Structures are given as structure tokens and as C-alpha cells.
Amino acid sequence: MITSVSNQRVKRITALVQKSRLRSEQDVFVIEGEKMFLEAPTERILEVYVSEHADLVEKTRQKLDQLPTGVCETVTDEVFARMSDTRTPQGILCVIRQFHYDKKKLLSDQNALFVLLENLQDPGNLGTILRTAEGAGVTAVIMSRGTVDIYNPKTIRATMGSVYRVPFWYEEDLIAAMGEMRAAGIHIYAAHLRGDHSYTQEDYTGPTAFVIGNEGAGLTDACADAAGKYIRIPMKGQLESLNAGVATALLLYEADRQRNEWI
């Protein structure tokens, strides 16, 4: 059992929770809570830390028993509180190996549906979008390098496990990536106030991507212009925009409706 907050492993976990660069360098991220542990692919679990007085459900204990020897370590409640990123520690915390995807294969899907995110800054928004993307059957979420780290603990919590199942990656040059996608026959739509048509008036049954901009500034002109077409979400009152997560949900579920005829 680890009993000291000065333990080097404890210090490392604390740093991983706080520092995006360290997570990238070590190719890992940290998750907390039984739900996130139970849904985590077992083969990606590298380390598990359990608080000594954690009240875990039977399914959690069964999965812990199946892990290789040495993966799981018990820590005192005080130590766990130091490692935890939440106000109310949930008793179990894990280090998970990061995900890497075959972009070429995913982009070649003739029934693909993508979300492109330019410079989103709110971890909760990003997590919500990933969760929504899973529900709407999205092929992948593609982000500009200026977008918040998807492995930020707040983002991870907001995904509710979708981070394990929805492919995603960052692009150093999102505009160049959009050009390659258009050349590959993917229709790209920018959610924009200057859209000529409502989002319900376009056809999303072919390979499709939606571009969503920063929460405050929206899309840059360069990124909006790189899309094939502007679309707008009609709004009443004096609103100029919707929350990025809400706008993404409307667009994705319209595409899903058209493709699956569930309405």
C-alpha cells in the first residue's frame, strides 16, 4: 500500500492529471471512477490505484481480479485524494494507454460522417461533442491543434466513456486536411450565420463533415471558406449562435435521420 503523498508514483499521477505535455510524452491519460474503469478496454489499462476504503461494486472487483499482477495498487484515502482531480474522489483511478487511429482507412469510408472542430476551448463542450458523436454514429472527430486536449480529465469525464469508442485525432493544419477531404469526395459544411440554406435543406447521405468553430469567436474566415458550403441553424430572438455542443448535436442527428429514416 502507498501511504505517502511524497511517493514518486503519486507525484507522477498528479502531474499526468495536470499536464497535457506529460500525457503526450508518456502516451497515456488518467481516468477516474468505476464507470470509466468498467468501460475501459482491459488491454489498455496500465496502472490502477484503489483507495483503501473504496466501496466498489462487484463488477469492479471482478475486473480488478482479472488484471495482471502488479497493475493494481492500494493507496490510503489521503493519498488518493491527492491524486484525484474531483472534489469527491470516487475510489478508483487508472492510467490508460492513449489511442491512435488509421486516418487513411477512416477517411476512405464511403458512408463516413465527421465532425471537424476548430479551436474549441471548453473541455466540457469537447466531451459532450464526443459523446454526441457516438450516439449519432460519427466516423471520427477531427480537431485543430488549437483545440483543448481531449485527454483533459474534465473532457474525459464529459465523454461518459465515448472516448474509448469514437475515433479522433488532431490536425496540425486543419484547413489543409479539409482540402484533402474535399478532394476525396467528402462534402464539408460549415455551420455559419451566412449560410444560404437551413441545415435541414441539405443532403447528408453521402460522405459528410460538419465544421464547428470556437465557442466565442466561431469559425475563422479561412476555415469557413475551406468548407464546401455554409449552412445555418435558424434561431429566433436575438441569438447569434448556439452552444457548440448543441449545434453539433442538431447537425449530426439531422444527418443520422436522413441516413436511417428514423423520422
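## Ground rules

Because the model is predicted, local features need pLDDT of at least 70 and side-chain atom pairs count only at pLDDT 80 or more, while totals for chains, interfaces and linings use all residues. Residues are numbered from 1 along each chain as its sequence is written, and side-chain values use heavy atoms, leaving out hydrogens and water.

Let's start inside. In soluble globular proteins, nonpolar side chains tend to be buried together. Here the largest nonpolar core holds 50 residues, and Ile31, Phe37, Val48, Leu117, Val141 and Phe210 have the most contacts inside it. Helix α11 (residues 244-260) gives the most to this core, with five residues. A nonpolar core is a set of buried Ala, Val, Leu, Ile, Met, Phe, Trp, Tyr and Cys residues joined through side-chain atoms within 4.5 Å; buried means under 20% relative accessible area, exposed over 50%, and partly exposed in between (1.4 Å probe, protein chains only). Helices (H or I, at least four residues) and strands (E, at least two) are DSSP runs, numbered from the N terminus.

A second, separate core has 21 residues, including Phe114, Leu116, Ile186 and Cys223. Leaving aside residues up to four places away in sequence, Phe210 touches Leu113, Phe114, Val115, Leu116, Tyr189, Tyr204, Ile231, Leu251, Leu252 and Ala255 (contact means heavy atoms within 4.5 Å).

## Strands β2 and β3

Strand β2 (residues 45-51) pairs with β3 in the parallel sense over four bridges; two strands pair if DSSP finds at least two bridges between them. Val48 stands opposite Cys72 in β3. Together, β2, helix α4 (residues 58-66) and β3 form a right-handed β-α-β unit. Right-handed means that, with the strands pointing away from the viewer, the path from the first strand over the helix to the second runs clockwise.

In a regular strand the side chains alternate between the two faces of the sheet. In β3 (residues 72-75), Glu73 and Val75 make up the covered face, and Cys72 and Thr74 the uncovered one.

Most residues other than glycine have a negative phi. Asp27, in the loop between α2 (20-26) and β1 (28-32), has a positive phi near 60 degrees. Asp27 counts as partly exposed because its relative accessibility is 25%. Met160 sits in the loop between α8 (153-159) and β7 (168-171), with a positive phi near 55 degrees. Met160 is partly exposed too, at 33% relative accessibility.

Thr139 lies in the loop between α7 (123-135) and β6 (140-144). With a relative accessible area of 12%, Thr139 is buried. Not counting residues up to four places away in sequence, the contacts of Thr139 are Leu106, Asp109, Ala112, Leu113, Phe114 and Pro167.

## Cavities and pocket

On a 1 Å grid over the protein atoms alone, a cavity is a set of points where a 1.4 Å probe fits but cannot get out, and a pocket is an open set with protein on both sides within 12 Å along at least five of seven lines; lining residues have an atom within 4 Å of a point. Grid points are joined across faces, edges and corners, and a volume is the space filled by probe spheres set on the points.

The largest pocket holds about 560 Å³ of space. Of its 24 lining residues, Ala191, His192, Leu193, Glu240 and Ser241 lie nearest the centre.
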